[in-house]
Amino acid sequence: MTEGTFDAYLYQVIENKQKFISQIMTSKSPARSVEDIDEVALSYAEIKALATGNPHIKEKMDLDIQVSKLQLLKQSFLSQKYEMEDKATKYFPQKIKQKELDITAYEADIQLVGEHTPPDRETFPPMRIGETVYYGKKEAGVALVEACKAMKSPDGVLLGDYRGLRMELSYNSFAKEFVVTLKGTGIYHVPLGTDIYGNIMRIDNEIDKIPDKLERCREKLETLKGQLETAKAEAEKEFPKEKELSEKVARLGELNALLDMDKKDQVLFDENVPDAAEEMPEKETGGWKR
C-alpha cells in the first residue's frame, strides 16, 4: 500500500465489506441488518486530501471505524435492552403466573391423595375401574390390562379413580403404548406395560412424585422472580458509551465539512443564456422575422 495515496481508503472500504460478509456467514454480529456499501465512492476532495497527505483524512478514516464499532455496540445493546423489556413485561410474568398455578395444583393434589391413601402403605388403596371397585393389587392389575384390551379407539375414555384422582385411558399411536392419565387439579401421564403388578407400581410412583415436583416448582418460581428483577434492571440501563459516540459523530461531521466531503456538485445556469425552450426565429418568405 503506497503512503500518501488513497490506497488506505480503499482498504478501509474492503474491510467494511468483509465485516458485513462475516455477519451473514457467521451470524455472530449483533447487527440486525446489512446494507450494501458499494455506492461508497471517493469525492475529488477526498482524493486531493489523500494525495497531498492531509492529516485530517487519516483522522476521518479512524473515526469512521470507531463510529462504526460504537454503532454496532449500541445496536447490540439496544437489542438486548428490548429483549429484557419484553421479558420483564411479558415472558417472566407469564412464567411466574404459570408456576404459581402449578404450585396450587400440586398442593391441592397432595392433600387429595393424602385423604384417599391408607396410612399403612402395605394396604392397597381401592381402585375403581368401570363400575367395579378392586381391593387387591392383583385384581386391579388384571382389570387394568383387560381394559386396555377392550379399547377400540385411541381416544381417551374414563377408566375410574385411584387414590382420589380420576383415571383416563388412551392409546399413544406414536409410542404404541397405552397411557393412564391421572387427573386432580393437575394432570399426570403414566405409560403402561403388560405386567399387572408393574402397572400399579408405575401409577403409585407417579403419584408419589408429586411432592418432589412441588419442591422443584417452588425453586423454579424463586429463580424466575430473581430473573424478573434482573431483567427490569437491565431494561432501565442506558448505553454506557452514548457520550463517546455522540462526540465522535460530531467530530466526524466537522471533518466532513472541513474536507468538503458533504458538498455536492451544483450546476449553475447563466441567466443570460437563452432557454432552449424559447421560441426560435420563424422564417417567412423573403427573410426572417422575430
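**View 1. The bend in helix H3 of the predicted model.** The bend at a residue is the angle between axes fitted to the seven residues ending there and the seven starting there. By that definition, H3 bends by about 50° at lysine 87. This is a predicted model. H3 has 61 residues. From first C-alpha to last, H3 reaches 87 Å, close to the 90 Å expected at 1.5 Å a residue.

**View 2. Helix H3 packed with helix H6.** H3 covers residues 55-115, and H6 covers residues 210-235. Their axes lie 8 Å apart, at an angle of about 160°. Angles over 145 degrees count as roughly antiparallel, so H3 is roughly antiparallel to H6. The crossing of H3 past H6 is left-handed. What kinds of residues make up the contact of H3 with H6? There are 17 nonpolar, 14 charged and 1 polar.

**View 3. The open sheet of 6 strands.** The strand order is S2-S1-S3-S4-S5-S6, and the pairing is antiparallel. Which strands stand at the edges? They are S2 (132-134) and S6 (187-191). Each has a single partner strand, so one side of each is left without a neighbour in the sheet. From one strand to the next, the twist averages 30°.

**View 4. The pairing of strand S1 with strand S3.** S1 spans residues 127-129, and S3 spans residues 157-162. The two strands run antiparallel and are joined by 3 bridges. Methionine 127 has tyrosine 162, in S3, as its bridge partner.

Definitions and conventions:
Residues numbered from 1 in each chain as written. Predicted model: local features only at pLDDT ≥ 70, side-chain atom pairs only at ≥ 80, totals over all residues. Heavy atoms only, no water. Axes fitted to C-alpha atoms, helices over the stretch in contact; angles between N-to-C directions. Helix = DSSP H or I, 4+ residues; strand = E, 2+ residues; numbered from the N terminus. Parallel < 35°, antiparallel > 145°, perpendicular 65-115°, else oblique. Left-handed = near helix turned anticlockwise from the far one by under 90°. Nonpolar A, V, L, I, M, F, W, Y, C, P; charged D, E, K, R; others polar. Expected span 1.5 Å × (residues − 1). Pairing = 2+ DSSP bridges.
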